[in-house]
Structures are given as C-alpha cells and as structure tokens.
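Please keep the sequence and the model in view while reading.

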Amino acid sequence: MFGNIIKFEKSKIYVENIKKIADTNYIGFHVVFEEPNHKTVGEITEINKDVIGIQLIGEIVDGIFANGVMKKPGMNTIARIIYKSELELILGNQDLSNRSNLLIGSSPIYKDYIITSNINEFFANHFAVIGNTGSGKSCGLSRLIQNVFFTANNNIPINAHMCLFDVYGEYYNTFDEMDKFVGLHFKKYTTEIRFGDANLLTIPAYLLTVDDLAILLGVKDSSQLPILSKSLELVRIFCSNDPKSVDYKNDIIAKTVLDILSSGKNSTQIRDQVISILTTYHTEAINLDSKIRQPGYERTLRQCLNIDDQGKINALALVINFLQTYVKVDLDIDLDENITYTLSDLYYALEFALISEGILTSESAFDKNNILKSRLQSIINSDRNEFFKFDRYMSRAEFVEDFFKTGPHGENVQLVDINLSFIEDSFAKCLTKIFSRVFFEHTTSLQDRGSFPIHIVLEEAHRYVQNDSDINVLGYNIFDRITKEGRKYGTILGFVTQRPNELSKTALSQCSNFVVFRLFYPEDLEIVKGISSNVTDETLEKIKTLKPGMGLVFGTAFKVPLLVKFPLPNPMPISTSIKIDKVWYQ
Ligand SMILES: Nc1ncnc2c1ncn2[C@@H]1O[C@H](COP(=O)(O)OP(=O)(O)OP(=O)(O)O)[C@@H](O)[C@H]1O
Ligand SMILES: [Mg+2]
C-alpha cells in the first residue's frame with residue numbers, strides 16, 4: 001500500500017499510494033516508519049488514489065512510545081501499518097485485570113481494541129469533560145464511573161471518595177448497582193426537603209467559616225468581612241456552656257453598654273438604646289433588673305436610667321461604675337471547642353455585632369452591614385434554613401468522614417450523588433462552594449497527605465466555576481484554589497461543561513486530561529486547540545462532526561489524542577432527549 005516518500009511538509013509526510021485506490025477506511029490508522037533502532041509513528045489523515053498523507057505523532061524507542069518527533073524518517077524509509085504489539089503502546093495496556101489500567105472506552109478505528117490509561121495518570125489529576133448539549137457528556141461520564149466501580153474482579157477501590165454535584169438529578173439511579181459489589185456503596189443526598197427519599201444534604205451552621213457566610217450572604221465588599229468574623233466570635237461565646245464564657249458574656253455586654261453611655265447622644269436616645277440592648281442581650285449579672293446598690297439605697301439598672309427634670313440620666317455614674325466591674329482586661333478566650341449553634345444563634349450574634357459596630361462607626365457602615373442581617377433573616381425564614389440544621393456536634397473531619405459513610409456500621413461510601421435539582425441555581429452554587437471548601441480543607445489538614453482523596457465532579461461546571469467576585473471579596477475562588485493546590489492533597493476536580501468558554505480560565509488551564517465530545521462553536525474549539533499542542537487542525541475538524549458518545553481524549557494520561565467510543569452506560573442517566581413523535585402525538 002505504501003510506496004516511496006514523496007515529500008515532507010512540517011510534521012506531515014506524503015507517500016505514494018501504490019494500490020491506487022482511495023480507501024478512506026484507513027484514515028485514522030497508525031503507521032510506522034521503521035529504521036534500525038528507531039521507529040517513527042504517524043497517523044493516516046488523508047488518502048487519494050495517488051498519495052497518502054501521514055501526520056507524524058511520535059517515536060518508539062526501546063519499546064516505549066514518546067510523543068513528538070525528534071528525528072524524521074529517512075527519505076528511503078517505507079511505511080507499514082502498525083503491529084498489534086506496538087499499538088498497545090499508543091492505545092494503552094489492554095489487560096484490564098491489572099488495576100492500574102483504567103478502561104476509557106473502545107477504539108473506533110481498531111476493532112476489538114480498547115482505550116485505557118493508567119489510573120493514576122487520569123484520576124490523580126483534574127479533568128474536564130467538554131461537549132455541546134446532547135453530545136454524550138453525561139453518558140460518557142456515567143460510563144467512565146461505571147467502568148471504575150462496576151467491576152466483578154477483586155480490584156475494588158474501597159477508599160475512593162467521589163462526589164457528583166448533580167445539577168439535574170440525572171445520575172440519581174445510575175449507580176444503584178454499585179451496592180451489589182462487596183465493599184462498594186453508593187450514597188444519595190437530596191435537596192428535596194419534604195418528600196425526599198434520601199438523606200437531606202446538610203452542613204451544620206457551626207462549621208461555616210467567614211468565607212462561607214460571605215458566599216451565603218452575597219457579600220460583595222471585603223469591608224463587610226470583619227463584622228462576620230466578629231459574629232462568629234460572639235456566637236461561640238453566647239452559645240458556649242463553658243463556665244468561663246459567663247465572664248466573657250458579661251464583659252462584652254458591659255463594654256457595649258458603656259460605649260453607648262459615652263456616645264454623646266442625648267439622654268433619651270441613650271436610655272432607649274441601653275434598654276433595647278439589655279432586653280435582648282443580658283446575663284444573670286447584667287440585666288435591666290440588676291440591683292445597683294449605694295449605701296442605704298438600692299435601685300434596679302432600669303431605674304438608674306431614668307431621666308431627671310434637667311434631662312439627664314440621674315444615676316449615670318452608678319451605672320458606669322456597676323458595668324465597669326464586669327469589664328475584664330485579660331480574659332481567657334480558650335473556650336470549649338465543641339460548640340454547636342444554629343443560624344438563628346448566628347443571627348443573634350450578628351445583631352449584637354452590628355449594634356456595637358453601629359455605635360462605634362458611621363451610620364453608613366451600619367446600614368451597609370445591616371443588609372447582611374436581613375439576608376440572614378430571610379434564609380432563616382425560608383426552607384434554606386433546613387440545610388444548616390444538625391442535631392449534634394461533629395468536627396469538620398468527623399463530618400467529612402461521616403459524609404462518606406453509610407449504614408449502621410459506618411461502611412465506606414465510594415460514590416456520592418448530590419441531587420441539586422430542587423433548589424435555585426444561586427443557592428446550589430453556594431452549597432457547592434461550601435462543600436468543596438470543606439472537602440479541600442479536610443484533605444489539606446491530614447497528616448498523611450493524600451490518604452483521603454476526594455474527587456469533586458461538577459456537572460454544568462460553567463455555572464459554578466466562573467470568574468466571580470469571590471476573588472475580590474475573599475482573595476480567592478475555591479475552585480481556582482483547588483485546581484491550583486488540590487492535586488497534591490488529593491482534592492481532584494472533574495468539570496463537565498457545554499461552555500468551556502465560560503469556565504474560569506484558571507480552572508481549565510490546570511486540568512491535565514480532557515474528554516472532548518462534539519463541539520462546533522469556534523470559540524470553544526479555539527479553547528480546545530489552545531489546551532494542547534497535540535490537537536491538530538484535522539482533529540479539530542473531526543470534533544465538529546463527532547456522533548453522540550464519540551469523544552476525543554487527550555492529556556497526560558494519553559500518549560496522543562485518541563478517538564474513543566464510549567459504550568452506553570447501563571443504567572443510563574436520565575438525560576435522554578425527548579421523543580417528540582411520542583409526546584406530541586397520541
Ligand atoms: N455513548 C453513546 N452511544 C450512543 N448514544 C449516545 C452515547 N452517549 C450519548 N448518546 C445519546 O445522546 C443523548 C444525550 O447524551 P448526554 O445526555 O450524555 O448528552 P450531554 O452532552 O450530557 O448533554 P447536556 O449538555 O444537555 O447535558 C443520549 O440520551 C443518547 O441518546
Ligand atoms: Mg449532560
């Protein structure tokens with residue numbers, strides 16, 4: 001079939017077509033130019049009856065295939081179709097009994113050949129699944145995960161922790177069969193509060209950090225963060241049962257009231273504010289009925305606030321003296337760690353923080369921060385409050401470990417599906433960020449680095465992983481941070497998206513492996529081209545016309561970009577296109 005080399009053109013070689021038949025079935029086949037101690041590998045990209053065009057893709061040296069061509073074949077070398085033994089070097093090891101080999105799919109070019117990658121190369125790095133709507137992303141992802149877990153041999157990945165953020169709830173029943181395999185478990189979380197048939201997705205309010213609260217309350221200005229930090233400090237004091245916390249509560253209430261007394265406002269305003277504060281925030285020692293004694297005379301704090309004929313608070317000095325006895329300079333703030341609280345407790349603390357802030361700073365700052373209070377209030381008054389309830393104390397580590405456990409004996413769960421379809425997009429985005437942050441921090445805090453890997457797979461990732469305001473407010477975006485730092489701790493992200501163009505560029509640039517299904521928007525194709533220098537213009541053309549379920553895989557887990565046919569998953573995700581002919585007509 002192959003005759004003499006006619007010409008070289010950049011990384012392409014044109015050879016004579018001896019058969020004189022334009023047999024396009026050979027397009028995509030690999031050929032080898034063999035010379036002593038050196039083999040150059042190419043892929044047939046075009047055939048006409050006279051000439052065969054071959055794109056050079058790599059070299060085989062000492063039985064190892066390496067991407068890229070350092071030395072082109074000599075002019076007299078004759079190409080041959082690749083041998084089976086050599087093909088495995090490109091398509092991946094064909095032995096699936098070896099647990100290091102991850103099944104990706106079948107080869108559309110070579111019948112009976114599968115495409116595999118080293119499991120570490122694929123799953124120890126971030127990855128992205130890209131393609132237009134209906135191109136086969138959800139099915140391909142399901143298949144890939146089924147390939148990992150629906151395994152009848154002894155290689156059970158017992159310590160995997162994969163978490164699917166399932167925007168449409170399409171994977172809810174796709175992995176049920178996992179439980180049939182000894183040691184493997186699939187756990188479902190739902191966002192349907194009332195009729196949910198699975199665990200409600202919850203995260204205890206007491207595990208939320210300042211950053212989580214900022215995301216939840218839609219903070220757009222970093223100057224609002226201090227008030228949230230202060231609220232978190234206060235809520236721990238207000239909700240602590242530690243005997244030491246009593247001194248603390250007295251101290252902060254006394255200081256706040258003293259600030260009001262010395263605020264320079266008129267007596268009526270001062271009295272009203274103090275009464276208002278002490279009505280809500282009081283302790284056994286400091287409250288409106290506290291007795292303030294002077295020789296031969298005893299009055300309540302409320303009575304001491306009475307205003308006399310001259311418009312003055314008549315016993316101001318007494319109140320000040322009384323409160324000052326509760327102000328402590330050196331308080332031991334090491335309170336008991338295991339403090340639980342709800343969003344309502346947090347609201348109570350935020351309000352107190354705002355009161356003290358409103359007195360000390362300008363009215364405009366007070367107004368700005370007051371928005372936080374109303375946003376928190378609206379969450380508490382809505383169904384969203386349910387997602388932050390928890391009936392017992394758990395540390396962050398215990399929470400994450402429990403998240404990936406099931407049954408009365410706490411067995412390991414390897415795959416979790418979070419059905420986010422019952423909540424609004426903006427709230428789903430908040431929860432996704434909060435959980436991702438919790439998972440990431442868990443993995444970074446482990447002594448034995450990487451011992452608890454967590455794979456976060458985001459469907460419709462372009463909705464979550466955007467260049468949004470987090471970077472200005474918090475100084476980072478959790479997904480960008482995970483893509484940059486997560487790999488070494490074992491927090492791995494998998495993005496599934498129709499719009500790579502809308503995904504944060506940082507996130508995409510840190511992915512090591514890509515599965516690209518059909519794409520036709522030029523901007524999206526440009527992105528694919530920009531990701532890998534290995535993707536040729538011919539390959540890009542192919543991407544435009546791929547059938548559903550046919551994808552191009554490339555990245556560090558693959559020697560060269562390869563076309564893969566993904567068999568349909570079984571069961572399928574609930575993502576099929578509607579059948580117009582059935583639905584429209586009866
Ligand atoms: N491997 C496959 N083999 C054959 N047909 C497939 C394959 N994968 C997907 N399809 C067909 O394409 C349809 C859509 O697939 P899928 O839901 O995976 O697309 P998608 O890319 O996830 O779309 P969207 O972006 O809208 O979520 C499937 O219902 C199925 O009919
Ligand atoms: Mg989909």
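Domain bounds are taken from an automatic or database domain assignment. The model is predicted, and local features need pLDDT of at least 70, side-chain atom pairs count only at pLDDT 80 or more, and totals for chains, interfaces and linings use all residues. Residues are numbered from 1 along each chain as its sequence is written, chains are lettered from A and ligands numbered from 1 in the order in which they are written, and side-chain values use heavy atoms, with hydrogens and water left out.

The ligand site comes first. Ligand 1 has 16 residues around it, and those that come nearest are Thr-133, Gly-134, Lys-137, Phe-566 and Ser-575; a residue is near a molecule or strand if one of its heavy atoms lies within 4 Å of it. By class, this shell has 4 nonpolar, 10 polar and 2 charged residues. Here Ala, Val, Leu, Ile, Met, Phe, Trp, Tyr, Cys and Pro count as nonpolar, Asp, Glu, Lys and Arg as charged, and the others, Gly among them, as polar. Helix H3 (residues 137-149) gives the most to the shell, with 3 residues. Helices (H or I, at least four residues) and strands (E, at least two) are DSSP runs, numbered from the N terminus.

Several polar contacts (pairs of N or O atoms within 3.5 Å; within protein, one must be able to donate a hydrogen and the other to accept it, and residues adjacent in sequence count only if both atoms are side-chain atoms) are found here. The side chain of Lys-137 has an N or O atom 2.6 Å from an oxygen atom of ligand 1. Gln-498 places a polar side-chain atom 2.8 Å from a ligand oxygen atom. At Phe-566 a polar backbone atom is 2.6 Å from a nitrogen atom of ligand 1. The protein buries 82% of the 630 Å² that ligand 1 exposes when taken alone, with accessible areas from the Shrake-Rupley method with a 1.4 Å probe; for residues, only the protein chains shown count as cover.

Next come the pockets. On a 1 Å grid over the protein atoms alone, a cavity is a set of points where a 1.4 Å probe fits but cannot get out, a pocket is an open set with protein on both sides within 12 Å along at least five of seven lines, and lining residues have an atom within 4 Å of a point. Grid points are joined across faces, edges and corners, and a volume is the space filled by probe spheres set on the points.

The largest pocket holds about 960 Å³ of space. Among its 34 lining residues, Arg-99, Ile-119, Phe-123, Val-148 and Pro-157 lie nearest the centre. H3 supplies the largest share of this lining, 5 residues.

The second largest pocket holds about 570 Å³. Its lining takes at least three residues from each of domain 1 (2-91) and domain 2 (114-202 + 394-583), and H19 gives the most, with 4 residues.

The whole structure has 1 cavity of 30 Å³ or more. Leu-213, Leu-217, Leu-228, Ser-231, Leu-346, Leu-350 and Leu-376 line the largest cavity, a lining of 6 nonpolar, 1 polar and no charged residues.

Two backbone details remain. The peptide bond between Asn-570 and Pro-571 is cis, with omega about 0°, and Pro-571 sits in the loop between E23 and helix H20 (580-583). Lys-10, a residue other than glycine, has a positive phi near 50°; Lys-10 is in the loop between strand E1 (2-9) and strand E2 (12-17).
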